[in-house]
Amino acid sequence: MKYIDEYRDTALAHTLADEISKCVTKPWVLMEICGGQTHTLMRYGIDEMLPPRVELVHGPGCPVCVTPLEILDKAIAIASRPDVTFFSYGDMLRVPGSRLDLFRVKAAGGDVRIAYSPMEAVRVAREHPLRNVVFFAVGFETTAPANAMALWQAQREGLRNFSMLASHVLVPPAIRLLLGSADNRVQGFIAPGHVCTIVGYREYEALAAEYRVPFVVGGFEPVDLLQAILMLVRQLEEGRAEVENQYARSVTRDGNLPAQRVMRDVFEAVDHKWRGLGAIPMSGLRIRPEFAAFDAEQVYGVEAIAADEPAECISALVLQGLKKPVDCTAFGTQCTPGNPLGAPMVSSEGACAAYCAYRRNLTCAP
Ligand code: SF4
């Protein structure tokens, strides 16, 4: 299959791993931002193909993992209402809130449905004007334009029975937080290819210049990631700190300008709380006041709901690349995919779930 098979070519993957081994002379710590990239690295054993001097740590790029507990509690409060049809992407349904998850709300009779597109929720609102329809909009810059478009469309059609619970986050402010930390170990980043498809990579150029750290925009297949690692290691060995684009088949420097426009029209940047990381300045997207009638937090009066995260979960350290999932004492015992304590074990993109699924030498109960 074009654009898949050539990026899973075993011989090419080994050639790239050999190239990395030849060019590395010092220890380097690299971070992939995106949970999808983490899964490819684990699934194909790429971290085990690398020379010991190249260490990979896993970043905060799983949207499910960083969605704050209180947003889940707000979603659960809204979805539990008998007058609401609540749409969510499937991976949010199992994420535990403070007491419940959305699956349990559904099991108890709540009208909770899995959506494959926000426009599906808009369609249901249009076809059922007596039903209140809410879409749970979670994710990075990748999903924000489609969600913004759905809200814009609902306003255009005057659908007063549609609203959105939005918890969007932006990648560059989180990287800035990591780079500004006294504990930071990361020396080079694989930037998320899907996010950069939307927003381009100019913001990463500013980060590279300010912190003297190289970035390579990377794709999601094994050959993509090995090539991105090679490009990063070459930059580090040569003392360069630039932004390079490995994922040129999808990403341009400026990104998708119409998608950025609709995102800006509907959302505005605000300080935002990340699960595990706390509040990060200007790292989230909020529905603009002009669209307040479609903002589910205001419509259902759940703005004041707050929650504290469970103390035993070290996901904050995992998401900053300071610990690996296996450093957590709960990993594979108290915390498993069947009984997750923290979001990185729940989400299919979470680092803890990836270690459970693909690390053959680890014991992890189902
Ligand atoms: S293994 Fe579970 S408890 Fe430990 S960091 Fe991962 S999600 Fe949290």
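1. The crossing of H2 and H17 is right-handed; a crossing is given this hand if the near helix is turned clockwise from the far one by less than a right angle, and is left-handed if anticlockwise. The axes of H2 (residues 35-43) and H17 (residues 351-358) come within 9 Å and cross at roughly 20°. H2 is therefore roughly parallel to H17, where angles under 35 degrees count as roughly parallel, over 145 as roughly antiparallel, 65 to 115 as roughly perpendicular and the rest as oblique. Axes are lines fitted to C-alpha atoms, for helices over the stretch in contact, and angles run from 0 to 180 degrees between N-to-C directions. Helices (H or I, at least four residues) and strands (E, at least two) are DSSP runs numbered from the N terminus.

2. The model is predicted: local features need pLDDT of at least 70 and side-chain atom pairs count only at pLDDT 80 or more, while totals for chains, interfaces and linings use all residues. Residues are numbered from 1 along each chain as its sequence is written, and side-chain values use heavy atoms, with hydrogens and water left out.

3. On the H2 side, Thr-38, His-39, Met-42 and Arg-43 meet Ala-351, Ala-353, Ala-354, Tyr-355 and Tyr-358 of H17, contact meaning heavy atoms within 4.5 Å. By class, this contact of H2 with H17 has six nonpolar, two polar and one charged residues. Ala, Val, Leu, Ile, Met, Phe, Trp, Tyr, Cys and Pro count as nonpolar, Asp, Glu, Lys and Arg as charged, and the others, Gly among them, as polar.

4. From H8, the contact involves Ala-144, Pro-145, Ala-148, Met-149, Leu-151 and Trp-152; from H13, Ala-259, Val-262, Met-263 and Val-266. The residues of the contact of H8 with H13 divide into 10 nonpolar, no polar and no charged.

5. His-168 lies in strand S6 (residues 162-169) and, at 0% relative accessibility, counts as buried. Buried means under 20% relative accessible area, exposed over 50%, and partly exposed in between (1.4 Å probe, protein chains only). The side chain of His-168 reaches the backbone oxygen of Gly-139 at 3.0 Å. A polar contact of 3.0 Å also joins the side chains of His-168 and Asn-147; such a contact is a pair of N or O atoms within 3.5 Å, where within protein one must be able to donate a hydrogen and the other to accept it, and residues adjacent in sequence count only if both atoms are side-chain atoms. Leaving aside residues up to four places away in sequence, His-168 touches residues including Phe-140, Ala-144, Phe-267 and His-272.

6. Helix H5 (residues 69-79) is mostly covered, with 10 of its 11 residues buried. Among the buried residues of H5 are Glu-70, Asp-73 and Lys-74.

7. Arg-212 has phi near 55°, is placed in the loop between helix H11 (202-211) and strand S8 (215-218), and is exposed, with a relative accessible area of 55%. Met-282 has a phi of about 50°, lies in strand S11 (residues 278-287) and, at 44% relative accessibility, counts as partly exposed.
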